[in-house]
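Work through the exercises below with the model open. Each task is followed by a solution in steps.

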Amino acid sequence: MRVFFIGFGQAGGKIVDMFIEQDKKLGANSFRGIAVNTARTDLMGLKNIELRDRILIGQTMVKGHGVGTDNVTGARVTADEIDSIISAIDSRGTHDVDAFVIVAGLGGGTGSGGSPVLARHLKRIYREPVYALGIIPAPEEGRLYSYNAARSLTTLVNEADNTFIFDNSAWKNEGESVKTAFQRLNNEVVRRFGVLFRAGEVGRMGVGEMVVDSSEIINTLRGGGITSVGYAISEVQSKTTKERKGFLGGLKDKFGAKREANEEVLLGEDRSAKIVALVRRAMLGRLTLPCDYSTAERALVLLAGPPDEMDRKGVEKAKSWVEENIAGVEVRGGDYPVNSEYVAAVVMLATVGNAPRIKELLDIAKETKEDVIKSKEKKTSMFEEGIDPLFE
Ligand code: GDP
């Protein structure tokens, strides 16, 4: 799938920068990306998005200093300068793009407010689907962040064709602060969505046995709403793949795992059982948004790995297993070969009906709104009565 990423705000910009980095490392040329922000320093901190593709908006209003956590201003500035954002997107070329993906932290100001505005305009102008990848804040970041995220998401689900969610609180470790976790979390985002969005692209290793093309991803997402993604990897054991490296893993060095080459060639049955087990792990393990997978309307199962590890029967069985476990009956799937020491499984659970974290976020937002109204009513001032000011 050829994706045009728009990183909106600080988190969005950083993550798109990493998608572009991954694309460059793989020599893949599947991703294009720009960053939009009201804060000049955030744009300057990016490394892989070209300078001309870093768009500073709101200069007259906030003078390059950002909008703070004011997403209403974020939305206003974006609406005011939508023409320059669209023309920047156009000038990068959109004729061969399969989808747009707007990436943003929904708890802040610029990305939170700007993403729904941009989604609306992109949808009006282009025929290709417009997706969002929204990062939701951990409750400990404070009620304002949850309030912003709830408002942004409520708007976004009506503007974007589908919204992928990554929940910061589900991914940070016990005791770890959200800030120090960001780099690690961003790696997780890019690894998962990198495998997903790359489906259907013909790489150096050729095409898969059961090709998933971009229309299958698009059809899986057509119900709208929110979508969660599961992911699991397993190390390849055959000797021929010993030297392989690639974008699926990256965990090996961290865990210092040393593998002995195993000359045994996996038999068909074994291979297909391995694939089913991997897909189960992907769906039952930690999802980008923890949710009740049995409420998903559609799903897509994707396997990526060395060609000799792929197995049509395994993919079919894994699809049937997913189908038994979700609400709907539409499960698509396939594989694509990559040069890697790992086999990766991605399960995209589309249009999820029940996610406790989203309910919690919306509840916090409702309470916050009520508290703000109450505190406004209660507000008293020492200077309200008695003495007339010099002028009104
Ligand atoms: P903006 O620049 O005004 O759009 O605001 P930010 O992008 O800083 O968004 C704030 C929200 O995004 C916060 O609620 C954080 O939870 C989250 N956030 C900020 N930076 C990162 C990051 O690098 N990774 C992740 N996963 N979340 C981030």
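**Exercise 1.** What share of the contacts in the protein with a separation of 6 or more is between residues 24 or more positions apart?

Solution. Start with the conventions: residues are numbered from 1 along each chain as its sequence is written. The model is predicted, so local features need pLDDT of at least 70 and side-chain atom pairs count only at pLDDT 80 or more, while totals for chains, interfaces and linings use all residues. Next, two residues are in contact if their C-beta atoms, placed from the backbone, lie within 7 Å. The share is 82%.

**Exercise 2.** State how confident the predictor is.

Solution. Confidence per residue is given by pLDDT, from 0 to 100. Its mean for the protein is 89, and 91% of the residues reach 70 or more. Residues 251-264 fall below 50, and this stretch has nine contacts in the model beyond near neighbours in sequence.

**Exercise 3.** Locate the largest nonpolar core.

Solution. First, a residue is buried if 20 or more other C-beta atoms lie within 10 Å of its own; buried residues make up 48% of the 392 residues. A nonpolar core is a set of buried Ala, Val, Leu, Ile, Met, Phe, Trp, Tyr and Cys residues joined through C-beta atoms within 7 Å. The largest has 110 residues, and Val279 is among those with the most contacts inside it. Finally, domain 1 (3-197) and domain 2 (226-350), with bounds from an automatic or database domain assignment, both give residues to this core, so it lies between them.

**Exercise 4.** List contacts of Val279.

Solution. Leave aside neighbours within four places in sequence; Val279 then contacts residues including Val301, Trp321 and Val347.

Notes. Buried ≥ 20, exposed ≤ 12 C-beta atoms within 10 Å, placed from the backbone. pLDDT = per-residue confidence, 0-100.
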